[in-house]
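Please read the points below with the structure open beside the text. Each point takes up one part of the fold or one kind of contact.

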Amino acid sequence: MVFTWHEFGSGDIVLNPEADFRLNTLSRAISVDLKTDADDIWWLIVVQPAIDPKTNENYTLLDIWEFARYLGLGDDPGDFLLIPPEYSQDFRKVAAPETVTFYARRNYLNLVNRYVLDPRANQTGIAWFEVGPAFRPDDIVIQSDPFTIAQPTEFEVPEGSVVMAVIDNGIAVGHELFRGLDAAAGTSRVAFFWNMDGVPSDDLPPSPHIEPATVGNVWTGNGLTQKLDGNMHNDVLDDAAFYQSIGAIDWSNRRHTPIAHRLSHGTHVMGLAAGYPSDETDSADAEKRPIIAVNLRTSDVQDPSGSLFASWLEQALFFILERHKRISIKGRTGVRPPLVINFSFGNYAGPHDGTGAIEKKIGGALSKASHDKIKCEFVLPAGNGNESRCHARIEINSGNTREKSLDWRVQPSDRSLSALQIWLDQKGAVADDYVTLTVDGPGGIEPVEVPSHHPVAWQELLNEEGERLGLVYFLGANVGPFKRGHFGVLLYATDSPEDVGPFAPSGLWKMQLEAPEKSGEVGARAWVIRDETLPGYPVFGRQSYFDDPLYAEFFEPGLPINPLDRPLIGGRLGYDPLATSALVRRDGTLSGFASGDRTVVIAGFVNTDPREDCPIALYSASGPTNNPAKTGPDASAQSNDSIVMPGVLSAGSASGSFVAMPGTSVSAPQVARWIADELAKGKAAGPAEVRAAAGAMDPPGGSSKPPDTRSGGGRMLELPILFGQSRWPGQSR
């Protein structure tokens with residue numbers, strides 16, 4: 001049977017069904033993993049403040065705090081709501097920016113989720129929120145007052161300096177590439193390092209070496225230099241002792257430590273963005289590239305679904321912009337150097353129109369920097385999902401049936417949330433009977449049907465015992481920050497070594513979109529949320545994907561293909577076949593983080609020397625997006641040294657080591673470095689300038705030039721090889 005639509009009572013409706021699912025269904029697994037009762041967990045949330053009708057501006061953080069007093073949860077809001085102590089008293093008093101973060105407990109969030117939909121009852125000061133990572137009480141510093149830094153460390157840098165900021169995970173800040181010209185002297189070029197993996201403390205003595213943080217700890221360059229000096233023996237760093245001394249290696253605190261492995265993502269990326277060998281005579285520019293590094297929590301990076309990153313990115317950007325204020329040009333008091341931020345992470349899902357939480361937060365940070373008269377650029381990778389089968393294009397028009405079916409393959413032994421989103425092309429209000437989504441699952445799951453009659457609608461996916469295993473929902477346009485309506489399907493894990501069942505069944509889930517004739521043409525784009533285990537991390541998630549029999553993965557004789565696709569018979573295709581009838585597409589796989597107007601987005605190409613075509617890497621994701629201003633990446637840089645040597649060389653975790661890593665994650669920091677060099681010369685280096693520079697470096701015309709949706713302005717063929725001279729003799733670009 002198919003469940004038919006029914007009206008919910010006012011007490012049943014919530015603003016954000018996904019948040020409700022995380023708080024009240026996923027929490028049964030999260031609480032076991034944290035060994036903490038679900039009601040005691042603190043959640044980091046991204047909040048969009050509501051408008052204060054008295055001022056016509058956003059409510060302040062203190063307003064939201066005061067509203068919490070009257071929700072009936074207790075006299076002290078500190079029992080269930082925490083304003084991050086990083087926010088100063090002055091920041092808390094003024095109208096809040098477009099998004100901020102809080103820590104909150106489930107009882108508070110469940111109330112907010114119900115109240116926000118009813119303007120008469122909404123006395124929370126919150127218009128929208130998204131749930132991020134979870135914490136045990138001991139994992140965070142819980143205090144009501146803002147942090148005070150008794151001796152704030154200030155840095156002066158030479159004229160022509162540019163601050164390089166890297167947000168990543170597994171950043172080995174002691175590597176010789178991040179030290180001064182004389183690496184043996186143990187002087188760190190990292191001005192500030194927020195290690196979210198560290199053990200927090202609310203009892204830090206006044207010190208120029210370490211500063212307080214809600215999560216982890218913050219080291220200054222002075223503190224890192226002191227620790228480097230203390231662990232240097234015969235001019236060689238004892239890496240393990242150094243990282244233990246700053247809390248970056250602590251097996252008692254977490255199960256996985258990336259920098260204890262030979263390759264760590266953040267070290268490799270930061271090496272390409274800001275690494276300088278200390279034994280090179282031309283490395284005097286090193287002192288002109290001070291670094292601000294933010295090391296994301298390893299436990300959160302292990303789940304790459306994107307919702308956790310949105311929370312952390314707000315905190316990371318706030319940290320970077322605040323610490324950047326303490327770096328000035330030598331002899332020019334108050335003059336701040338330009339800033340380049342590299343964030344080499346991506347996700348498949350999201351609206352892809354610039355209104356997602358990540359895009360809005362990046363845009364807000366760039367606006368703030370511009371307001372403070374700081375030249376700031378933000379660099380992102382295009383993503384590696386070109387062949388992931390995680391994107392589909394759905395069109396219903398008068399020339400075909402009024403329904404379209406899409407199969408979703410959910411993997412067994414998947415410990416993570418599996419989810420997909422279907423975003424409608426139409427902006428604005430959705431007409432009655434516009435479209436209906438029916439979801440039919442395997443293993444005794446009753447099919448459910450959710451139409452777009454209402455701004456917020458959902459149905460639960462239940463097993464035969466009536467236990468909730470998933471959720472199907474619809475959010476209309478202008479609900480929360482979104483400008484278009486979308487459906488979502490959320491599934492609980494299919495397996496776990498812990499007793500946290502019941503589990504969702506793996507196998508083939510069938511999605512059917514149906515629209516009546518009066519709805520006319522209907523278009524939608526579907527994306528599966530990324531949940532695969534990242535390389536080098538303990539097995540956690542297994543990527544689900546769309547299963548389309550018409551999707552051509554390999555080349556077969558007679559298949560009409562893009563001229564740039566020249567695979568052997570049986571070889572993998574990098575482009576969608578011409579005139580394909582498959583719903584699943586490579587076009588539109590660009591990272592869900594990368595559709596904002598103001599970010600620089602970089603794809604990856606393969607160096608095929610001595611050939612000149614340098615094809616775009618098969619995995620490098622493609623546009624277009626739902627944002628007309630972002631048709632695809634802005635440019636591409638090398639991500640594979642050759643067709644048989646994947647990756648490019650950069651810093652390994654240990655000092656003196658170099659390893660290869662592929663992906664658009666390594667293309668982006670190379671362009672971030674180029675942008676810093678341009679800013680140091682006083683030139684502009686935003687998306688438009690990067691596109692123009694790439695076009696100038698790419699051979700004009702010819703059958704080998706990739707389309708804009710794959711490479712943007714072109715391939716940046718003239719970027720220097722930073723650390724690859726030793727990979728093979730005569731290597732060149």
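**Notes on the structure**

1. E403 stands opposite E514 in β26. This position belongs to the pairing of strand β19 (residues 403-410) with strand β26 (residues 507-514), which run antiparallel and are joined by eight bridges. Strands pair if DSSP finds at least two bridges between them; strands (E, at least two residues) and helices (H or I, at least four) are DSSP runs, numbered from the N terminus. Strand β21 (residues 436-440) also runs antiparallel to β26, with five bridges, and in β26 the bridge partner of V439 is M511.

2. On the source: this is a predicted model, in which local features need pLDDT of at least 70 and side-chain atom pairs count only at pLDDT 80 or more, while totals for chains, interfaces and linings use all residues. Residues are numbered from 1 along each chain as its sequence is written, and side-chain values use heavy atoms, with hydrogens and water left out.

3. An open sheet of nine strands has mixed pairing and the order β10-β11-β9-β14-β8-β16-β17-β29-β30. Its edges are β10 (210-211) and β30 (635-640); each has a single partner strand, so one side of each is left without a neighbour in the sheet. Within this sheet, strand β8 (residues 163-168) runs parallel to strand β14 (residues 291-295), and five bridges join them. D168 has N295 as its bridge partner in β14.

4. β29 pairs with β17 in the parallel sense over three bridges, where V379 has V600 as its bridge partner in β29. β29 also runs parallel to β30, through five bridges, and I602 stands opposite A635 in β30. Helix α12 (residues 687-697) lies across β17 (376-381), β29 (600-606) and β30, and runs at about 25 degrees to β29. Such angles run from 0 to 180 degrees between N-to-C directions, the axes being lines fitted to C-alpha atoms, for helices over the stretch in contact.

5. S591 is found in the loop between β28 (545-546) and β29. S591 counts as buried, because its relative accessibility is 1%. Leaving aside residues up to four places away in sequence, S591 touches G346, N347, H352, P381, A382 and G383; contact means heavy atoms within 4.5 Å.

6. Helix α4 (residues 106-115) has seven of its ten residues buried, so it is largely enclosed by the rest of the structure. The buried residues are R106, Y108, L109, N110, L111, V112 and N113. What covers them includes α1 (17-34), β1 (42-49), α2 (61-68), β4 (81-82), β5 and β6. The helices α1 and α4 pack at an angle of about 145 degrees, with their axes 10 Å apart. Their contact is made by A19, D20, L23, N24 and S27 of α1 and R106, L109, N110 and N113 of α4.

7. Aromatic rings of Phe, Tyr and Trp (its six-membered ring) pair if their centres lie within 6.5 Å; planes under 30 degrees apart count as stacked, over 60 as edge-to-face and the rest as tilted. By this rule the count comes to 17 aromatic pairs. F91 and F318 are edge-to-face, because their ring centres are 5.3 Å apart and their planes stand at 75 degrees. F91 lies in helix α3 (residues 89-93) and F318 in helix α9 (residues 307-324), so that the pair links parts of the chain 227 residues apart. Both F91 and F318 are buried. Y103 and F135 form another edge-to-face pair, 5.7 Å centre to centre with 65 degrees between the planes. Y103 lies in strand β5 (residues 100-104) and F135 in strand β6 (residues 126-135), so this pair ties together parts that are 32 residues apart in sequence.

8. Charges over rings form the last topic. R28 lies over the face of Y492, at 3.9 Å from the ring centre, and the charged end of R323 sits over the ring of F192, 5.9 Å from its centre. The rule requires NZ of Lys or CZ of Arg within 6 Å of the ring centre and within 35 degrees of the ring normal.

Notes:
Buried means under 20% relative accessible area, exposed over 50%, partly exposed in between (1.4 Å probe, protein chains only).
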